[in-house]
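This briefing sets out selected features of the structure shown below, grouped by topic.

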Amino acid sequence: MSGLPKDCHPVITVRGLRNAFGEQLIHDGVDLTVCRGEILGVVGGSGTGKSVLLRSIIGLQTPESGQIEVLGENMVGRTEDEAKNIRRRWGILFQNGALFSTLTVAENVEVPIREYFPYIQPHLLDEIASYKIAMGGLPADAGPKYPSELSGGMVKRAGLARALALDPELLFLDEPTAGLDPIAAAAFDQLVKSLQERLDLTVFLITHDLDTLHAVCDRIAVLADKKVIAVGTIPELLALDHPWIQEYFNGPRGRAAAESYEEGAHA
Amino acid sequence: MAEVTDQETDQRHGSVYRVAGALTITRAATTQREIDALPDPVTIDLSEIERMDTVGAWIVYRTVRDRGAKVIGASRDEVSLLKQVGEFDVPTRVIPDEPHNLMAAVGELGEWVSDIGVTLVGLLGFFGSTLIGFANLIRRPKKFRVNAVVQRFDVVGVRALGIIGLMSFLIGIVIAQQGSVQLAQFGAEVYTINLIGRITTRELGTLMTAIMVAGRSGSAFAAQLGTMKITEEIDAMRTIGVSPIEALVIPRIIAAVIMMPLLAFWAMLLALIGGGVFVWLSLGIPPLTYIQRLQEVIPITDLWVGLIKAPVFGFIIALAGCFQGMLVKGNSEEVGSRTTTAVVQSIFLVIVLDAVFAVFFSNIGWI
């Protein structure tokens with residue numbers, strides 16, 4: 001099942017991706033297309049290679065074979081210089097924020113801007129960092145704080161602010177709500193959704209959070225058996241007869257999330 | 001790429017800034033500079049714009065905010081983007097405030113002094129808790145972690161043999177070479193053997209080994225414990241009921257205390273061999289004669305002086321390393337700085353103690 005939406009302009013195309021660590025085969029023939037302007041959620045059990053898929057797409061992991069195209073450019077076997085052009089056009093939020101610990105939050109946000117646009121006036125740069133921090137949903141006093149002074153939720157927001165620094169077309173989020181309390185997680189979902197609408201982003205989102213899947217994702221890709229076994233909306237996936245998918249969405253947590261989502265939709 | 005099609009400047013009517021193409025982060029610096037150069041009142045004409053991102057919108061927004069500029073020709077999308085960035089206009093600082101004046105400098109000096117005091121008291125406290133740990137182990141010897149200690153023996157001792165041996169061999173050669181050059185001026189080359197024999201057994205064998213062990217193992221102790229502190233392994237240990245002092249610190253201290261004299265002896269031996277090789281090849285003194293002379297000129301007390309100091313140095317190195325490691329909290333950068341401090345602190349303490357020992361042994365007549 002790989003029926004793409006009709007007016008799909010592919011932003012990420014993965015074809016026949018194969019990844020292995022030594023003897024252990026992680027991916028064997030992964031195919032995936034992400035369309036412009038959608039929020040694609042990637043789910044899968046622990047150890048099915050969700051993060052490895054992300055790392056392959058963003059070029060941190062060289063696949064054994066397969067083709068990866070991001071924003072129309074081939075990602076496999078390219079030089080550092082070529083990769084720079086594409087890195088300017090995406091933003092990545094790592095699972096644990098990956099903030100630079102020796103820099104303040106505001107300086108963290110400024111890092112990508114300084115790297116690509118060194119001639120921006122310092123006061124303008126500070127103002128840009130300020131509104132990106134506000135956009136990431138952080139209070140104003142978070143700017144001069146160091147990452148070790150932040151709570152888990154604030155680290156994620158600061159990471160998001162840094163990911164948004166260059167006005168990316170494409171945003172990668174690796175388990176953005178993991179480790180957050182339900183209120184903070186719901187707020188983060190809302191933040192991602194509203195940013196996606198405002199800035200016209202394409203979002204590639206890895207998550208375990210069923211509420212996030214219901215609340216923000218347009219389509220969901222399911223990783224299992226070393227490949228993407230299905231892509232579609234939740235009703236489309238539920239129509240399939242795959243045991244893992246059934247268990248995932250119809251298990252006790254899956255049903256609770258679905259119910260709360262429907263209540264929210266009716267209210 | 002955008003280009004500015006027109007910049008009309010008229011002192012009476014102000015100026016019009018007209019952008020065509022894209023107003024994005026790529027052109028942010030130039031755009032800002034051009035707008036800054038225009039006289040008030042500014043009018044920004046967006047009618048020919050194709051694409052604007054949030055940075056472009058921000059530049060327009062701040063010109064409106066700070067200089068009361070007028071925006072004309074904005075489409076609905078652009079107006080909404082301008083409104084959006086306006087919502088996020090919450091000024092925030094980039095770095096924390098830092099006072100820069102004389103008082104701050106004095107304050108820093110005071111903090112530095114008090115830090116030294118706190119560290120020394122802390123080290124003393126840590127020494128006390130290791131002693132308590134030792135006492136607990138003696139009362140309940142079953143809890144003694146033999147495997148951990150043996151593993152440390154391997155890491156601290158066996159694996160250091162190569163580098164310490166090589167270092168000592170070379171030091172032996174250097175002492176012999178430098179000594180013979182100087183002594184030759186008095187026609188006393190034969191005393192080179194006295195020089196090598198006494199300086200390596202009494203001082204250099206132990207001291208150089210201590211410095212090497214501090215760099216090799218003291219730093220490793222600090223880094224290991226520091227990392228375990230950050231990953232909360234040590235907290236986990238405490239909550240399970242395992243004392244980190246007994247499980248982590250004491251095996252390391254025992255390993256350092258037992259391995260230091262052995263390594264020091266090894267270092268003395270290799271330094272003597274290095275010196276022997278040099279006097280054989282350069283001064284023509286055959287090895288047998290060299291060994292005979294060594295027996296005559298080195299009093300046995302020199303060996304004791306070297307070997308008695310070694311376990312004390314080992315103890316200090318392990319204590320300082322573990323202490324600094326346990327002080328780590330917060331971020332990974334601190335592991336690095338604590339490791340550095342551990343090495344500096346232990347080498348400093350070793351040299352201070354070495355001086356104390358030198359005076360002590362001279363006074364008891366072991367000259």
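Two strands are taken to pair if DSSP finds at least two bridges between them. By that criterion, strand β7 (residues 170-174) of chain A pairs with strand β8 (residues 202-206) of chain A in the parallel sense, over five bridges. The model is a predicted one.

**The mixed sheet of chain A**

- Six strands of chain A form an open sheet in the order β6-β7-β8-β3-β9-β10, and the pairing is mixed.
- At the edges stand β6 (90-93) and β10 (227-232) of chain A, each of which pairs on one side only.
- Direction ignored, neighbouring strands of this sheet are turned by 15 degrees against each other on average.
- Strands of a sheet pair through backbone hydrogen bonds, either parallel or antiparallel.

**Strand β3 of chain A**

- Strand β3 (residues 39-44) of chain A is mostly covered, with six of its six residues buried.
- In a regular strand the side chains alternate between the two faces of the sheet.
- Both faces of β3(A) are covered: A:I39, A:G41 and A:V43 are buried on one side, and A:L40, A:V42 and A:G44 are buried on the other.
- β3(A) runs parallel to β8(A) and is joined to it by four bridges; A:V42 has A:I206 in β8(A) as its bridge partner.
- β3(A) also runs parallel to β9(A), with five bridges joining the two, and A:G41 stands opposite A:I220 in β9(A).

**The antiparallel sheet of chain A**

- Four strands of chain A form an open sheet in the order β2-β1-β4-β5, with antiparallel pairing.
- Its edge strands are β2 (24-35) and β5 (73-74) of chain A, and each pairs on one side only.
- Strand β1 (residues 10-21) of chain A and strand β4 (residues 65-70) of chain A run antiparallel and are joined by five bridges.
- One of the residues bridged to β4(A) is A:R18, whose partner there is A:S65.
- Helix α1 (residues 50-57) of chain A packs on this sheet and touches β1, β2 and β4 of chain A; the direction of the helix makes about 120 degrees with that of β1(A).

**Positive phi values in chain A**

- Most residues other than glycine have a negative phi, and most peptide bonds are trans.
- A:L71 is not a glycine, yet has a positive phi of about 50 degrees; A:L71 is found in the loop between β4 and β5 of chain A.
- A:L71 has 17 other C-beta atoms within 10 Å and is therefore partly exposed.
- A:K226, likewise a residue other than glycine, has a positive phi near 65 degrees, and its place is in the loop between β9 (219-224) and β10 of chain A.
- A:K226 counts as partly exposed because 18 C-beta neighbours lie inside 10 Å.

**Chain B: content and helix packing**

- The secondary structure of chain B comes to 12 helices and five strands, and 36% of its 367 residues count as buried.
- Of the contacts in chain B with a separation of 6 or more, 81% are between residues 24 or more positions apart.
- Helix α6 (residues 161-184) and helix α9 (residues 244-283) of chain B pack at an angle of about 40 degrees, with their axes 7 Å apart; α6(B) is therefore oblique to α9(B).
- The crossing of α6(B) and α9(B) is right-handed, and their contact has 19 nonpolar, eight polar and no charged residues.
- Helix α2 (residues 54-67) and helix α3 (residues 76-87) of chain B pack at about 80 degrees with their axes 9 Å apart, so α2(B) and α3(B) are roughly perpendicular to each other.
- In this contact, B:T54, B:A57, B:W58, B:V60 and B:Y61 of α2(B) meet B:L81, B:L82, B:V85 and B:G86 of α3(B); by class the residues divide into seven nonpolar, two polar and no charged.

**Contact of chain A with chain B**

- Chain A has 29 residues in contact with 24 residues of chain B.
- On the side of chain A that touches chain B, α3 (105-116), α4 (122-135) and α6 (182-199) of chain A each supply at least two residues.
- The most is given by α4(A), with 10 residues.
- By class, this side of chain A has 16 nonpolar, seven polar and six charged residues.

How values were computed. Residues numbered from 1 in each chain as written. Chains lettered and ligands numbered in written order. Predicted model: local features only at pLDDT ≥ 70, side-chain atom pairs only at ≥ 80, totals over all residues. Axes fitted to C-alpha atoms, helices over the stretch in contact; angles between N-to-C directions. Parallel < 35°, antiparallel > 145°, perpendicular 65-115°, else oblique. Left-handed = near helix turned anticlockwise from the far one by under 90°. Nonpolar A, V, L, I, M, F, W, Y, C, P; charged D, E, K, R; others polar. Contact = placed C-beta atoms within 7 Å. Buried ≥ 20, exposed ≤ 12 C-beta atoms within 10 Å, placed from the backbone.
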